[in-house]
Amino acid sequence: MLIRFAVENHLSFKDMTEFNMSAGKITRHSDHVAEKNGKRILKGGFIFGANASGKTNFIRAISFAKKIVTKGLSNVSCDKKYFRIESSCKNRPGIFQFDIFSGNHFYSYGFAMSYTNINIEEEWLYQVDEGDKCIFLRSKSENGEIEFSSDITFSTASQQERFNVYSDDIKNPKMEKTLFLSDVLLRSPDDKEYQPFRDVMEWFQKLIIVFPDSKYGGITQLMEDDSIRKELSLLLEYFDTGIKSVNSIEKNIDKIFANIPKSMMESLKLDIFKELSEQTKGALIQRGDSLIEVNLRDEDLYASEIVTNHGNDNDLFEFEDESDGTKRLFDLIPLYQHVRRGHVIIIDELDRSLHTKATLEFIKYFYKVTLNCPAQLIATTHDSNIMDLDFLRQDEVWFVERQEDHSSHIFSLNKFKTRFDKKIEKDYLLGRYGAIPIFNQLLLDEVEEGDSCAD
């Protein structure tokens, strides 16, 4: 679970900004809270704000840090990711810190990176169950030399010597682009002595981030399980899509790419094969009116087309026949399979293409299926109908606001000490909490003056 995320100097977040999922003293909606080792953690967090306030940038910051941890700094584009309104920020580090619960322990992990040199400036991992235990701290001295410290002890002298080698190696300038977290796991992937490293890495690997253009790869794999296929069909019907059932039809992959030159087709197939070799879910491809999912079977590619039944078994619908809202639900509903396993799901623009009632029902069902499960749903949204304290807790509501210097600031509704019976949607739209669009009437007057009709 995510306890806290802090970011500084990334996209529109200039100064250190903190998002916290620790539950407050509120007693209402107790099923929205999970208790782990004596600490109460929120299952939901919903972020509101005007267009261009920084909501998406907040999600992008988490996604950027995740990619660095799981794929490596060399495989991530760092171009113009600093706070560009102030040119001096290019020379300041970007800082990312995650406080998490994983493997039945609380950890605080983070790193600072240079946008100019594209390297890791600092990196730290603490186990914070009872007091702080430094798993490792990698920092730079005033003269630029790498310093390293750690409080962990090992069961044997040989294990300690090996760790000393790892810590000495990370001081080498050639390792400036490498995270110590990933380097240790690469060299000792199964060693039980490095369980804190694995706990943190597994948390990042299980973290699911969904953007408006994200496609859920793995639908056909889900449908291989009869009970999951039935649930998917029932939920699509429940959300009033008109769909009675969902099926997949196996397709000849060569026919799918038949209109592509042979040289390009082979290159594309190689790219897909490589992508599938690095992940456990399928790759989604839009071809004409069809949604095709490509998977690996016995080291070979095979494809399946997603089709839906709207009540006529003899005339199935292709993906392109569905509404934008239904297409969005195809990407969202399968996420319930992941929250049942305790994953953290972060969604940008949850309400994209969805009716208000569908958005509300999606959130309600999340809390229903996670009643005894420590999963989390964190989402940005414009839908103020969600902002109802009969539906959410005060500490689950967050706002992002653009400041005068164009930087983004995130803050909780909790800071306003709002009563549980307050109609917060009305106050929000009136500007009581900020984080709403500010329209400059003078600019509109200038437009109207310059656009007057000629006789």
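Modeller: Helices here are DSSP runs of H or I with at least four residues, strands are E runs of at least two, and both are numbered from the N terminus. What you see is a predicted model, in which local features need pLDDT of at least 70 and side-chain atom pairs count only at pLDDT 80 or more, while totals for chains, interfaces and linings use all residues. Residues are numbered from 1 along each chain as its sequence is written, and side-chain values use heavy atoms, with hydrogens and water left out.

Biologist: Thanks! How many helices and strands are there in the protein chain?

Modeller: The protein chain has 13 helices and 20 strands.

Biologist: How does the reach of helix 11 compare with what is expected at 1.5 Å a residue?

Modeller: Helix 11 covers residues 356-369, which is 14 residues. From its first C-alpha to its last it reaches 20 Å, close to the expected 20 Å.

Biologist: And what makes helix 11 "mostly covered"?

Modeller: Ten of the 14 residues in helix 11 are buried, where buried means under 20% relative accessible area, exposed means over 50% and partly exposed lies in between, with a 1.4 Å probe and protein chains only. Among the buried ones are Leu360, Phe362, Ile363, Phe366 and Val369. The buried residues of helix 11 pack against several elements, including strand 5 (44-49), helix 6 (226-238) and strand 18 (376-380).

Biologist: How much of the protein chain do buried residues make up?

Modeller: They make up 52% of its 455 residues.

Biologist: What about helix 1: how do you know that its span agrees with 1.5 Å a residue?

Modeller: Its 17 residues should span 24 Å, and the end C-alpha atoms are 24 Å apart, so the two agree. Helix 1 is mostly covered too, with twelve of its 17 residues buried; Phe58, Ile62, Phe64 and Ile68 are among them. Just after helix 1, Gly72 takes a positive phi of about 100°.

Biologist: How do helix 1 and helix 4 lie relative to each other?

Modeller: The axes of helix 1 (residues 55-71) and helix 4 come within 10 Å and cross at roughly 125°. Axes are lines fitted to C-alpha atoms, for helices over the stretch in contact, and angles run from 0 to 180 degrees between N-to-C directions. Angles under 35 degrees count as roughly parallel, over 145 as roughly antiparallel, 65 to 115 as roughly perpendicular and the rest as oblique. Helix 1 and helix 4 are therefore oblique to each other. Their crossing is left-handed, a label used if the near helix is turned anticlockwise from the far one by less than a right angle (right-handed if clockwise). Lys66, Val69 and Thr70 of helix 1 make the contact with Met201, Phe204 and Gln205 of helix 4, contact meaning heavy atoms within 4.5 Å.

Biologist: What makes helix 3 roughly perpendicular to helix 4?

Modeller: The axes of helix 3 (residues 180-187) and helix 4 (residues 195-206) come within 10 Å and cross at roughly 110°. That angle makes helix 3 roughly perpendicular to helix 4. Helix 3 also passes helix 4 in a left-handed crossing. Residues that meet there include Phe180 and Leu185 in helix 3 and Phe197 and Met201 in helix 4.

Biologist: Now some single residues. Why does Asn9 count as buried?

Modeller: Asn9 has 0% relative accessibility, so it counts as buried. Asn9 is found in the loop between strand 1 (2-8) and strand 2 (17-20), and has a positive phi of about 55° although it is not a glycine.

Biologist: What makes a positive phi worth a remark?

Modeller: Most residues other than glycine have a negative phi. Glu349 also has a positive value, near 60°. Glu349 lies in the loop between strand 17 and helix 11, and its 23% relative accessibility is why Glu349 counts as partly exposed.

Biologist: Why does Pro374 count as partly exposed?

Modeller: Its relative accessibility is 24%, so Pro374 counts as partly exposed. Pro374 sits in the loop between helix 11 and strand 18. Lys43 is 331 residues away along the chain, and the C-alpha atoms of Pro374 and Lys43 are separated by 7.0 Å.

Biologist: And Arg138: buried or exposed?

Modeller: Arg138 has 1% relative accessibility and therefore counts as buried. Its place is in strand 9 (residues 133-140).

Key: The expected span of a helix is 1.5 Å times one less than its number of residues.
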